[in-house]
Amino acid sequence: MFIEKQYYKRQRIVLFILFIALFLFIGYHQFKEGIILWGDGFFHVQRILEIRYAFIHRELPNWLNFQTFFGMGQAINGMYPDISLYPLVLVTMFFSPSHQLAAINILIFTLTLIVTAISLYRRMRVDGLLSIYAAILYSCSGYSLYETVREFQPGVGIIFIFSFPIGFLIKDILTSERFNFKLAIRFTLLITLIMYSHLLSMVVLGLIIFSGYIYLIIIRKFNWYSLVNLFVGGLISILTSLPILYRYFIISSSNIMSPFGQGNIKASSFANMINGVQWDARETLSSLVLIIGVIIFTFWNSRQSNRLLKLGLIELYILLLCTNIFPWRLFNRFPFINNLQYTPWRFGIWLSVIPIIALIVCFQDNQTIKGKLLYILAIISIAMSYVIANDTFKIVQTRLQTENIRVMTTVKSFYGSKELNVLNWAEKPDYFPKVTNVVDSKENMTNSRLNEIHHQLIVVGNEKIGISKESINNGVVIIPHKTVTSSDGKVQLPVLGYKSLKYNISSFNHNRLNYGIDKEGYLFIKTRKIQKNVPIEVRFTNPIIYKILVVFSLTALLCTLIVNFNEVLKLESTKIDRSSDELWVFRT
């Protein structure tokens, strides 16, 4: 017994040292060199920089982007959920911008491990040490590792932190056999988390829950109380999500461009899902998943056959949703669902959840083998994470360093080639006013529109006037380089206009100017003359009702958290038997 205890103690020490070494290695490189800027990472970095700017000025982030994205007043902030990012930005405000982004990235990685370990420990009766092993497997592979070292995607990353609690809660909702207000409250928290982070994940959640109900109807296990719990939780979540819903509705009523890929859902082939296997997979199977599959088949537990088969079917179904075998074309006209773009991006990131659960179930009756296997796999995961991180840091050159942040947050009228090498990832037509000459047939911005963004000018009739432009709090200042008279009394400004929003445009001595929105989607001021070097200020401030809704919804969220926390304390104090909470699969 003494020798066995010493063995497990050495295991813990070795694993702890290796993981801390990996943590410090990734942290050192990202703090020293900046996080890697790749893919949508450019996009999300600028969103966080906008939040940081707002917090420095003790405000809520503006719906419109005036500090980044060329200072065009694009409605990216308003249309992309960001409230779940606020706590992470707040607790890292003492860092410089580049270090703050690295800290947020490391925080998401760390929280993924902690929440996964706690969830497995509490809900699957896994030994504390083994739950940590399993959490390391999950965090150091698949999408978690990909997001940490390759592509910064904090919105989805925050949802990913709670992968296992989300999976367990979906099961609880689907199989509930009576009205359970506490369960409805937990479902409220789930919806709120997603609404505050990434709207398309709501579509994914809806499709998975709907599929679960279809399954229950087929096997005649459907219970109406399940829908009641779902409905009550959803109803309360409307209260906690009002700020997101309100700003989404207001901006959308301006008649804006459709999201990228709307009405054209694409999927991978089954062969690509298999051939594209890699350790840090984002949209295919992870190598770890295949290793776990081989282990389960090799050490098949006949006593758990029913559960393992069901888990296998769930995994196969998620894999199917990533492929073109599923009839996605039928959903191209369905609202919201037709925004899924590329299904492996939406479902592929969850392919590692079920295998971890299946591995624990397979060795439920043999703690010794389970412990040794999880330990070995955890060591392999850490080693693979180090190799992948090291290779990525060596190969990828574009990093979020101080100079790149300066380029992203410097609003001006003319952008040179060096600046555009950084900013070309910010050329997104997302949620532009719906006008002509914005995107081409491939949904990329047209060259003429890009030229207008890169070289911003005031337009008076057929004449184009050079300007200076810089950002201010909640807006921009435009300084004409020439005095011009307008024959029709209209002067076009290089700022996008949304019909449902109210702007404040003023000139010298803060005299307010009347304005309109032209057919190209730009604001224009109604004046006969603009003076050389006389500033024109364009401002938009969030509506007062929005600020009220934020306070109301966060208060409602706090109440739901208190209710849920009290229930957790009651469960702990009364030591309720967790055997009734089998959360691996649907009951037979």
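Val 477 stands opposite Glu 537 in strand 11. That pair is my way into the sheet. Before going on, the ground rules. This is a predicted model, where local features need pLDDT of at least 70, side-chain atom pairs count only at pLDDT 80 or more, and totals for chains, interfaces and linings use all residues. Residues are numbered from 1 along each chain as its sequence is written, and side-chain values use heavy atoms, with hydrogens and water left out.

Two terms for the sheet. Helices (H or I, at least four residues) and strands (E, at least two) are DSSP runs, numbered from the N terminus. Two strands pair if DSSP finds at least two bridges between them.

Axes here are lines fitted to C-alpha atoms, for helices over the stretch in contact, and angles run from 0 to 180 degrees between N-to-C directions.

Take the pairings in order. Strand 3 and strand 4 are antiparallel, joined by 6 bridges. Glu 470 stands opposite Val 477 in strand 4. These two strands form a hairpin with 2 residues between them. Asn 474, in the turn, has a positive phi of about 65 degrees.

Next, strand 4 (residues 475-480) meets strand 11 (residues 536-539), antiparallel, over 4 bridges. Ile 478 stands opposite Ile 536 there. Then strand 7 (residues 504-506) joins strand 11 through 3 bridges, again antiparallel. In that pairing, Ile 505 faces Val 538.

Beyond strand 7 there is a loop. Asn 511 is found in the loop between strand 7 and strand 8 (515-517). Is Asn 511 buried or partly exposed? Asn 511 counts as partly exposed, at 44% relative accessibility. The cut-offs: buried means under 20% relative accessible area, exposed over 50%, partly exposed in between (1.4 Å probe, protein chains only). Leaving aside neighbours within four places in sequence, Asn 511 is in contact (heavy atoms within 4.5 Å) with Ile 505 and Ser 506. Its C-alpha atom is separated by 16 Å from that of Gly 475, 36 residues apart along the chain.

Compare another asparagine. Asn 229 sits in helix 12 (residues 224-240). Asn 229 is buried, with a relative accessible area of 0%.

On to the helices. Why is helix 18 (residues 353-362) described as largely enclosed by the rest of the structure? Because 10 of the 10 residues of helix 18 are buried. Among them are Val 353, Pro 355 and Cys 362.

Helix 20 (residues 402-409) has Asn 404, Ile 405, Val 407 and Met 408 buried. They cover an arc of only 160 degrees around the axis, so they lie on the same side of helix 20. That arc is taken from the directions from the helix axis to the C-beta atoms. The cover includes helix 2 (41-56), helix 5 (97-123) and helix 21 (417-423).

Last, a helix pair. The axes of helix 5 and helix 9 (residues 163-175) come within 9 Å and cross at roughly 35 degrees. Helix 5 contributes Val 115, Thr 116, Ser 119, Leu 120 and Arg 123, and helix 9 contributes Phe 164, Pro 165, Phe 168 and Asp 172. These divide into 5 nonpolar, 2 polar and 2 charged. Here Ala, Val, Leu, Ile, Met, Phe, Trp, Tyr, Cys and Pro count as nonpolar, Asp, Glu, Lys and Arg as charged, and the others, Gly among them, as polar.
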